[in-house]
Amino acid sequence: MPDESPRITVDEVSKVATLARLILTDEELSTATAELSAMLDHFADIDGLDLDGIEPMMQPTPLANVMRDDVVGVTLNREEVLSQAPLAEDGRFRVPPIVGIEE
Amino acid sequence: MSIAYINDDAFHPSNDDYERWSKDGWEMVVGLEVHVELATKTKLFSASPNRFGDEPNTNIDPVTLGLPGALPVLNRQAVELAMRLGLALNCTVQKSTFARKNYFYPDMPKAYQISQYDEPINIDGWLDLPDGFRVGIERGHLEEDTGKSTHVGGAGGRIHGSDYSLIDFNRAGVPLVEIVSRPDIRHPEQAKGYINELREILVAVGASDAKMEEGSMRVDANVSVRKPGENFNTRCEIKNVNSVRSLGRAIEYEARRQIALHEADEPVVQQTRHWDENDGRTHTLRSKEDADDYRYFLEPDLVVVDPGIEWIERVRDALPVLPAERRAILADAAGQSANSEAVMVVAERGQDDYVMDVAKLGGDAGVALKHVKEAPELAEQVPVESLATLSKMELSGVITASQAKTIVAVMIESQNVDPEVIAADLGFEAMDNSDLEAMVDQAIAGQPEAWEKFCAGEGKAMGALVGAVMKASKGQADGKAVTALFQTKKP
């Protein structure tokens, strides 16, 4: 690992974990921070290359324009689907009150 | 991030109107983000029906619900409609990609929305308002709609304080195009004009029914204020604007709120604000998340969309005549300006063809336009030949303008659509000039004082004289002709 400042801090990893709704222990946080830093080191190596005149690769496959016709197909049975949900009411999924998370 | 209203009434602005604060040297800077639901039969990435108003959760499938292993497949018609509206907005259609926009919200079961981010299908266009003002279009990209949440309990169905929420996924996955304007708008009327014109274009090209009241067209406004010529200041995004009228009110309120803050040397905080139709104010909803917080990355389950020149040109060639050009054609035929009220109203109703058909039959487009504007039922219920005949009768003075209006009403009410027969039934006939002259002479003899005043240059005296003739002719005389006749009688 280069002796510069770390590529990513524990605070940044913690923030991303919160955005992804992951609860990490202190130990997991420090492991994740080290692993992500190693990945970012690798990206830094790529950044160091002279890539002038090279078109960015949008996808790894050479495919384009995979599309379907606008034709109605089979839908799922509502009662069957709702029976799999923890809570349902009035033909709809019932979820806890929507609140943001305080940061 | 927290979702709560903050009491920010400390800077509730006074009721100064737009003109007053713009005289104080402030200018508003507005950009609009418009989401439109595309008029496809199925969703963007799956074959469930795209249909408004169905029973909740009946138009769902594994892709819509984000079930494990379900894979999206792009709807070709959605791409075609997106291209159609992009080309109608003078955009460049380009090779494009899809990305995942990650966030947790119950109306988005995959925990990400598939949206075009780095490379949208439409870029760099513009829209001209009827008065000629040009608004730049930054992009028009494809994305999927979310499900619909209903908040239960708490005060008035608001998110804040509700007990729980119910989710309907019928709308999840419905194809949307988000049209992002450049921050070119400087007045609430321009914002309203932009939305009206955009809606007409969307309907004309068949891309969307664009109904704000049904949510198939949704408008968010980015508002900031500045002194003209200075750099842009911090902006706020206004949501929950449900009509064109509300849009005008909301951005005007928001601009005034920000001016009050600037003038008090208080910071304008970049945030999303919620328009409340009832109190006519915007309220803090949540701090704006940084774009980074969505952790965009390329959607690995979809490939590049590269329409290619052939498809693009085929779509361009198939575009209908757009509203601005329709208005220009109608205005030209009727001898009016393209942004006159009659032209705007009749073209918006799509009745311009009807008026043009009157002209093709040798009728008068100007007269026809006037009647169609006032009586929209004409275009649906009365054959174009009848209006053509009526317009000729009115133009040649066989009947007066007010008699023509009466005949129009009769044609709409009854099954009788022959204006000549109706005119005869009603006893409308061209006033013989000698009859009219006799009535004018009588009016002068009957009201010598009014006549003297009129001759002395008192225009107001004319009313009583013309009134007498109208009475004598039982309303059949042409007001203009009568006035002209009085003028010739002046000593």
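Predicted model: local features only at pLDDT ≥ 70, side-chain atom pairs only at ≥ 80, totals over all residues.
## Where chain A meets chain B

In strand 2 of chain B, B:Leu74 is the bridge partner of A:Met67. Strand 1 of chain A covers residues 67-68. It pairs with strand 2 of chain B in the parallel sense, over two bridges.

Four strands form an open sheet, in the order 2(A)-3(A)-9(B)-8(B). Here the pairing is antiparallel. Which strands stand at the edges? They are strand 2 (88-89) of chain A and strand 8 (148-152) of chain B. Each has a single partner strand, so one side of each is left without a neighbour in the sheet.

Look now at the chain A part of this sheet. Strand 3 of chain A spans residues 92-95. Two bridges join it to strand 2 of chain A, and the two run antiparallel. A:Glu89 has A:Arg92, in strand 3 of chain A, as its bridge partner.

Step back to the whole contact between the chains. Chain B brings 59 residues to it, and chain A brings 41. The area buried between chain B and chain A is about 4,200 Å². Carbon and sulfur atoms give 58% of that area.

How many salt bridges are counted between chain B and chain A? The count is four. One salt bridge joins A:Asp69 to B:Arg76. The closest N and O atoms of this pair are 2.4 Å apart. Polar contacts between chain B and chain A come to 22 residue pairs, with both residues at pLDDT 80 or more.

Which elements of chain B supply the side that touches chain A? Strand 2 (74-75), helix 2 (76-88), strand 8 and strand 9 (164-168) each supply at least two residues. Strand 9 of chain B gives the most to this side, with five residues. By class, the side of chain B that touches chain A has 29 nonpolar, 16 polar and 14 charged residues.

Finally, follow chain B along its length. The domain assignment gives chain B domain 1 (9-314), domain 2 (323-425) and domain 3 (433-489). The C-alpha centres of domain 1 and domain 3 of chain B lie 61 Å apart.

How values were computed: Residues numbered from 1 in each chain as written. Chains lettered and ligands numbered in written order. Heavy atoms only, no water. Domains from an automatic or database assignment. Pairing = 2+ DSSP bridges. Contact = heavy atoms within 4.5 Å. Buried area = accessible area lost by both parts, 1.4 Å probe. Salt bridge = Lys/Arg side-chain N within 4 Å of Asp/Glu carboxyl O. Polar contact = N/O pair within 3.5 Å; in protein donor to acceptor, adjacent residues only side chain to side chain. Nonpolar A, V, L, I, M, F, W, Y, C, P; charged D, E, K, R; others polar.
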